[in-house]
There are 4 protein chains.
Amino acid sequence: MGIAHVGHAELRVTDLEASRDFFTRVLGLYVSAEDDDHVFLRAWQDWDHHTLVLTRAETSGLEHVAWRVDGPDALGEFERQLKGLGIETAWAEGGAGVSLGHGDALRFLSPAGIPTELYWEVDRYVEQDPALQSKLPSHPQRYTGNGVHPRRFDHVNFLVDDPQASQEFFSDQLGIRHNYYITGDLGQGEQRLASWMAKTNLSHELAFMRNRNQSGSLLHHVAYFVDTADQMIRAATILADAGVKIEWGPGQHGTSGAIFLYCIEPSGNRVEVWSGGFLLFAPDWQPIRWDPETSPLGLELWGSDMPDTYLTYGTALGGGVPQPA
Amino acid sequence: MGIAHVGHAELRVTDLEASRDFFTRVLGLYVSAEDDDHVFLRAWQDWDHHTLVLTRAETSGLEHVAWRVDGPDALGEFERQLKGLGIETAWAEGGAGVSLGHGDALRFLSPAGIPTELYWEVDRYVEQDPALQSKLPSHPQRYTGNGVHPRRFDHVNFLVDDPQASQEFFSDQLGIRHNYYITGDLGQGEQRLASWMAKTNLSHELAFMRNRNQSGSLLHHVAYFVDTADQMIRAATILADAGVKIEWGPGQHGTSGAIFLYCIEPSGNRVEVWSGGFLLFAPDWQPIRWDPETSPLGLELWGSDMPDTYLTYGTALGGGVPQPA
Amino acid sequence: MGIAHVGHAELRVTDLEASRDFFTRVLGLYVSAEDDDHVFLRAWQDWDHHTLVLTRAETSGLEHVAWRVDGPDALGEFERQLKGLGIETAWAEGGAGVSLGHGDALRFLSPAGIPTELYWEVDRYVEQDPALQSKLPSHPQRYTGNGVHPRRFDHVNFLVDDPQASQEFFSDQLGIRHNYYITGDLGQGEQRLASWMAKTNLSHELAFMRNRNQSGSLLHHVAYFVDTADQMIRAATILADAGVKIEWGPGQHGTSGAIFLYCIEPSGNRVEVWSGGFLLFAPDWQPIRWDPETSPLGLELWGSDMPDTYLTYGTALGGGVPQPA
Amino acid sequence: MGIAHVGHAELRVTDLEASRDFFTRVLGLYVSAEDDDHVFLRAWQDWDHHTLVLTRAETSGLEHVAWRVDGPDALGEFERQLKGLGIETAWAEGGAGVSLGHGDALRFLSPAGIPTELYWEVDRYVEQDPALQSKLPSHPQRYTGNGVHPRRFDHVNFLVDDPQASQEFFSDQLGIRHNYYITGDLGQGEQRLASWMAKTNLSHELAFMRNRNQSGSLLHHVAYFVDTADQMIRAATILADAGVKIEWGPGQHGTSGAIFLYCIEPSGNRVEVWSGGFLLFAPDWQPIRWDPETSPLGLELWGSDMPDTYLTYGTALGGGVPQPA
């Protein structure tokens, strides 16, 4: 029983039309399905029905992040385990509403309030538009190159008051491997400032960074992957010329070696474009420690300054035990 | 008095709608203007009104290639010079028809039948579509990244029976610098097989390669420039997934160091996507000779084989002294 | 109990000095250790002691390929399992000879004669040369960029007479996931021509392609990973200018979306430089089938022809049950 | 009579050994010749004897920048013209000392004190080292890819108190085309803050930016060109891991579209790695004006902040009328 990989995220957006335009025309995602209040999106080589949902809402933020489990029995086992910890769970019925495209899902809030969903059944995406069908069985749809055009969904990152506690919860309870972390001394000895984690060989699928304002848990960003550094440069130019604010980057995280840029989508959620960096294969991987001396290189290898907003700005998390759709 | 740079080409296309779709949706050029029989196109950073015209025709090929001269008096001087050589010239009235976007143009056929136009006045492109206007004064329009999305028009290349004669005509009469050439021994001693030439610092704006069939002069290709090798790789994938036949490449011409791919647009004209390679600055540049031993590396550095069609297939040239539009 | 990932390969080389020069100066690997008959090599971000051993030999080929297991008990369990299948096993003592840098290793030949090693303990590489030490804890050594300079070892590929049988052995006995395959009709109905497999999220760590000569099992190639398509282009130019024969590429395998080139190192073994393509995360991944119609795009998406040598040339495998070093 | 192109620069360096190490091992330039006090350097495809000289000195800075003229008579004509302006000139004897590799050179200081040299005769570089000789006649030496490995020398940039005056001198007296400029209002109405100029089709070979301290003329940087954005990313990582301070970048100048990074070499001179951006072909090019509203995008398109040092830090210029070597 275990987690397989991070699967999708549901973003709350205050301006659904503007956010849809950003994610499709500028970022280059594709619409799988939509109704008046939801837009289901995927990158060109995302195999599943969707990897992002935009949901019309009063406030922007993350409604939930969903992980696929590694087999049909895992949901029930996780339900029992979470209940054993005193964590409230709920089932979202699959196949409709925001659960379109996947099966019944188990939902819960982590102790820090991360709205998390687990699911097993999922619909593989099948392209219906003849103009976008590809002859290649490795292409769930045609590669057009339009917009930033990432290859796939990559990861999700949160600001929390205590990153160590969140890392330990997700490592201990969901088996997400701890890959690297940053420590700092804020006056009370060295403490954890950030942790990056993954179940797969990716450098991370989930990260927790310390909310400098200590104002609770927030969505930091969702990330999509482009193939190359050159596509990151191209992305930056597309975004800049479309009038999208780039908060930071292109830069390189020394921690993972990945190239990044962060921008703010029209409803205020932060989105990362991400490329490159290491994969981790060692089954006994020891998390890399970045101490106060090396962590500036870890955050940005080339020397650019982290913007002040980076450790303070985030958007709200779904604010209660998620209810079935 | 002299030539400034190659400016645009007019392609004859048998299927205007399919060719328009290829050049806009797949290659990522933009329409400046169009009527029932012509589509005027430019790359995103082409500064002038257009760099390519598609003209509906019974046979595909090149109707004319146009060079901008370096001042207002040059047209008259070239007219006198060409007449002195016994070459028939004609004037195309500017500002309308296929001469939309530039001034009166002097037209003639080179001795090998290359339909050539010279012009001085030209309209700078001004974006009218608010969705494509850029805040950057260096961007005549917004950079969207859609399709292959080349930066600019680059060069034009012909198959001719005698490349040395054509090179000498354009060097001697129009002052186009001879930059590099290939020789071979076809049984009668070493002879010229191809020559590449430019007025600007580009490696070439004009090339002549020996028609292996010795069947006269043909358009070999028109070329657009993308910024990077990575964009070439991306272009190849876009073209392949759109069902466009890539004849050769991506490869690297050892001669110039440029990365290339050749494809055939829906009406049958060959189009090159081109990137990188050297610029030449020396005012006393001596053309580089590629002899039979080194020329295979000159044609393709990495070792791929030139397809048989490369030195035999071309499309027709405008078949007479061009008449005013 | 299971396999973790492919770890290293031992190449037999007939010209150790020339091969060492190729792998270090041209390909840009680094020497971890060496003696008169062995050179231990790793890419700049390979974390373990080495990922390649060159061993002086009378004939070139692959002496063994080694997989790391996922825990200390796995070796004994695999030993029992293999003995139960009637497969002869042997132990190579760790820490010395060709087993320098890792612990005791279990060796066996697969039914098709693939010389395979399993190991658990491994030494993490620690840079001793001050000029190559990095301040970055994510860099086991400094990133210099010299030569092709791959980031890490990627995979190994074999020609065998029956790819389906080898795929099934490694899937069934070692738990290596089957990711995609090619079928063809050679006159007796559709049959398996090639299969690609991985334990990790890589598109493949191991592949079997049908030996067109049906002359038994051979090493097809070992592969190192570069970060980007641009680095592949750069690699091709470095190799070509160093006089190294590029057999095929740069091209794109439509199967995985990876960019490739194949070259022959001085002792005759084929080496691939590899970049990009998909990662696979689905725990219930169904192998993609490439049938006779689509398989040409699967082999090379952009349209270049597979060279005749690709399915016939390989180098010999270690020819018996490997003995302890 | 005129200028052909910028040819080389002579840097004064306080630590010749450390600077030599930076320019060769890290930046990847090659030594053409050296003596106790000079190191002559070139990029791999620089065709001439050298494009940079490092000269041991008490203070770092630029000793001179040299332009090649477009014919043998130009030097004498420029000498007469400059004398007519009351500018003192001197001749440096060619072929020895710091003039190794080129002919007799005319030297003068511009009114703002830019130490300028003009020369006509130049030695084409011929590789003597068999290990670096290339079979390609287009490669003056082998392409190894080692270090940052730029293709060629690109441009030189100065801080001056009055950029408009310097631009006008070089446009009016040397015929260097004015391509784009930035204006600002420092309290006395809009004034010129920077100008970029070229004789060739490059976006610039020479630039003047306003010294914010109004402390006179200083070298801002010399620049080398890499082929692609990806090579810029790679360069940044090489520099960072070698402990070289990157002052700014990678970023994109919106003015030219070029990708840049600035670093400080061990003797304190600023060096730029540069790639991409536009070429300018129009013979009647009108310089692009970047006003106070658009100039932030012109300086850096993606939104990174210009460091404070950028308009204040420079190194000294050769301090008098240059004397013959």
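Let me start with one residue, A:Glu121, which counts as exposed because its relative accessibility is 52%, and the cut-off for exposed is over 50%. Keep in mind that what you have on screen is a predicted model.

Where does A:Glu121 sit in chain A? It is found in the loop between β8, residues 115-119, and β9, residues 152-160. On the surface, A:Glu121 belongs to a patch of negative charge, together with A:Glu93, A:Asp104 and A:Asp123.

Next, salt bridges. Over all chains, the structure holds 48 of them. I will go through a few.

In chain B, the side chains of B:Glu63 and B:Arg12 form a salt bridge, with 2.8 Å from N to O. Are the two partners buried or exposed? B:Glu63 counts as partly exposed, because its relative accessibility is 21%. B:Arg12 has 18%, so it counts as buried; the cut-off for buried is under 20%.

Also in chain B, B:Glu190 and B:Arg289 meet through their side chains in a salt bridge, at 2.6 Å from N to O. B:Glu190 lies in strand β11, residues 190-198, and B:Arg289 in strand β17, residues 288-290, so this pair ties together parts that are 99 residues apart in sequence. B:Glu190 counts as partly exposed, at 43% relative accessibility. B:Arg289 is partly exposed as well, with a relative accessible area of 39%.

Now chain D. There, D:Arg289 meets D:Asp291 in a salt bridge between side chains, at 3.9 Å from N to O. D:Arg289 has a relative accessible area of 37%, so it is partly exposed.

Back in chain A, there is a network of salt bridges, and it links A:Glu17, A:Asp37 and A:Arg56.

Last, the arrangement of the chains. How can chain C be laid on chain A? It takes a turn of 180° and a shift of 0.0 Å along the axis, and the RMSD is then 0.0 Å. The two copies are therefore related as by a two-fold rotation axis. Which residue of chain C comes closest to that axis? That is C:Thr228, with its C-alpha at 2.6 Å from the axis.

To recap the chain B pairs: B:Glu63 with B:Arg12, and B:Glu190 with B:Arg289. That is the end of my part.

Definitions and conventions:
Residues numbered from 1 in each chain as written. Chains lettered and ligands numbered in written order. Predicted model: local features only at pLDDT ≥ 70, side-chain atom pairs only at ≥ 80, totals over all residues. Heavy atoms only, no water. Patch = residues over 30% accessible without salt bridge, like charges linked within 9 Å, V, L, I, M, F, W, Y side chains within 5 Å. Areas by Shrake-Rupley, 256 points an atom, 1.4 Å probe, with all protein chains shown as cover. Salt bridge = Lys/Arg side-chain N within 4 Å of Asp/Glu carboxyl O. Lys, Arg positive; Asp, Glu negative; His and termini not counted. Charge placed at Lys NZ, Arg CZ, Asp CG, Glu CD. Helix = DSSP H or I, 4+ residues; strand = E, 2+ residues; numbered from the N terminus. Buried < 20%, exposed > 50% of the residue type's maximum accessible area, 1.4 Å probe, protein only. Least-squares fit on C-alpha atoms with pLDDT ≥ 70 in both.
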